[in-house]
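Hello,

Here is the structure we talked about handing over. Please open it and keep it beside you while you read the notes below.

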Amino acid sequence: MKRKIGAIYYNGKVGIEEQEMPQLKDNQVLVEVHASLISPGTEMSLVRKLREKPWPADSVPMQFGYSNAGIILETKGDVKGLKPGMRVACMGGGAAQHADYAAVPVNLVVPLPDEVTFEQATYLSLAATSLQAVRRTDVKLGEYGAVLGQGIVGNLAAQLYQLSGARVLAWETLALRAKIAADCGIKSIDFVKNDPIELTKAFAAPYGLDFALFAFGGNAETAFMNIKKCMKVSADGHQMGNVVLVGGCRIAVDGGAASGNLNIRVSSRTGAGYHDTAWEYGKDYPPAFVQFTTQRNGRELIALMAEKRLNVDALTTHRLPLDQIGEASDLLVDHPDQSLGVILTMKH
C-alpha cells in the first residue's frame, strides 16, 4: 500500500508524490490524516524563493507539512496511552506532513476532544508558535501591545494576548486579514494608508506600548523605527518594553541610547522539546524546571479551541483536496489578498 504526500519541486511547483507507507519506529503512531494546514509563511516562502531562483533540475522533491489531524490506526512502543481509533492533532516537520497517512512521534501528538474538529486541529502547530511568542513576550494583564502582521501566527498571537488580559492593536495592510482580525475581536489599523505612530500612541495613551510582536517576513526596519516611537518611555527619556520577533523579518538595531532600554527577543518554534529527538520520542523534561513544553502548549491550545475561546474557524478561507495541493499553494503565493487559512482534506 502506498501513500500520497505533498512535495515541493526544484522550480517552486508543488504536487503529489506516491511512496511506500511509513514503517513505525518505537514510540510512534500511524495516523490516517483527514486534514492538514498549509503554512502561508514558512512553507510558501520557500516556494516563492524557488520560483525566483530554482534549485538544480535534478534535485529530489522536498516533502513538506508540519500540522495535520486524523485518527490513529496503529501504535508502536510506549505511546503514553494513545490508542488506535483516537482522534488526534499532530505537529512536526518530517512527521505531520501533507499526506494521507503520517507516522508521528508520541510527544508531538495531542488527543482531540469531541468539541474540536479535524480542520480546527490543523491550526495547532501555528497556534503553538504563536503561544511560544506570547510566552516570550512575558505579557501581563492590563498591558498594551501592537501585533504587526495579521497572518495566522499574528492573528492567533493577538487573540492569545487578549486572553492573557492585554489590550492589542494590530497593524495590517491586507483588507482580508483586517476583516478576519475584526471577526476575531482584534482591532487593526492600515499602517500604510494611515499614520501608525499617531494611531498607536492614541491607542496606548497615556502609557505607551508595553510590547510589540513582529509577525511578518521581509524588511522590517521602517516598522521597527515606527514602533520605537510608540513604546513607553522612562523619565530619563529611554524607550522601554519587549519587542518580539516571531516572523521571518529583519530589523536593524542600534546600540546605546538609540534603542533605549528595549528588550529585543526572538521567538522560535512551538515550545520546549520541538526538534529534540529524544523528547519527541517520549523522553520528558522535569516539569518543575521546564513548565511549557510543546506538548503542554498543544494541550492548552486544543482546550482553548474546545472552549470556543480561541477562534480558528474565522481564519479558514479555502478547503481543497490533497490532490489539489498545487492549486492550493498557487492561491497562497499568487493571491495573499484573497487567502489565508488553506486546509487540505483527505478522503478515506
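There are seven aromatic pairs in this predicted model. One of them joins Tyr161 and Phe211, whose ring centres are 4.5 Å apart and whose planes make an angle of 35°, so the pair counts as tilted and not as stacked, a word kept for planes under 30 degrees apart. Tyr161 belongs to helix 4 (residues 152-163), while Phe211 belongs to strand 12 (residues 211-214); the pair therefore ties together parts of the chain that are 50 residues apart in sequence. Tyr161 has a relative accessible area of 0%, so this residue is buried. Phe211 is buried as well, with a relative accessible area of 0%. Elsewhere, Tyr144, Phe203 and Tyr207 are linked by ring pairs into a cluster.

Rings also meet charges here. Arg87 places its charged end over the ring of Phe118, 4.7 Å from the ring centre. Arg135 is found over the face of Phe292, and the distance to the ring centre is 3.4 Å.

Three strands make up an open sheet, in the order 2-1-4, with antiparallel pairing. Which strands stand at the edges? They are strand 2 (14-20) and strand 4 (62-63); each has a single partner strand, so one side of each has no neighbour in the sheet. Strand 1 (residues 2-8) and strand 4 run antiparallel and are joined by two bridges. On the strand 4 side, Met62 is the bridge partner of Ile8.

Two helices belong in this part of the picture. Helix 1 (residues 42-52) packs on the sheet and touches strand 1, strand 2 and strand 4. The direction of helix 1 makes about 60° with that of strand 1. Helix 10 (residues 325-334) lies across strand 1 and strand 2, and runs at about 145° to strand 2.

Last, the cysteines. How many disulfides does the structure hold? The number is zero. Cys230 is in no disulfide: the nearest cysteine sulfur belongs to Cys249 and is 16 Å away, whereas a disulfide needs two cysteine sulfur atoms within 2.5 Å. Is Cys230 buried or exposed? Its relative accessibility is 2%, so Cys230 counts as buried. Cys90 also counts as buried, because its relative accessibility is 0%.

Regards

Technical notes: Residues numbered from 1 in each chain as written. Predicted model: local features only at pLDDT ≥ 70, side-chain atom pairs only at ≥ 80, totals over all residues. Heavy atoms only, no water. Phe/Tyr/Trp six-rings, centres within 6.5 Å; stacked < 30°, edge-to-face > 60°. Helix = DSSP H or I, 4+ residues; strand = E, 2+ residues; numbered from the N terminus. Buried < 20%, exposed > 50% of the residue type's maximum accessible area, 1.4 Å probe, protein only. Lys NZ or Arg CZ within 6 Å of the ring centre and 35° of its normal. Pairing = 2+ DSSP bridges. Contact = heavy atoms within 4.5 Å. Axes fitted to C-alpha atoms, helices over the stretch in contact; angles between N-to-C directions.
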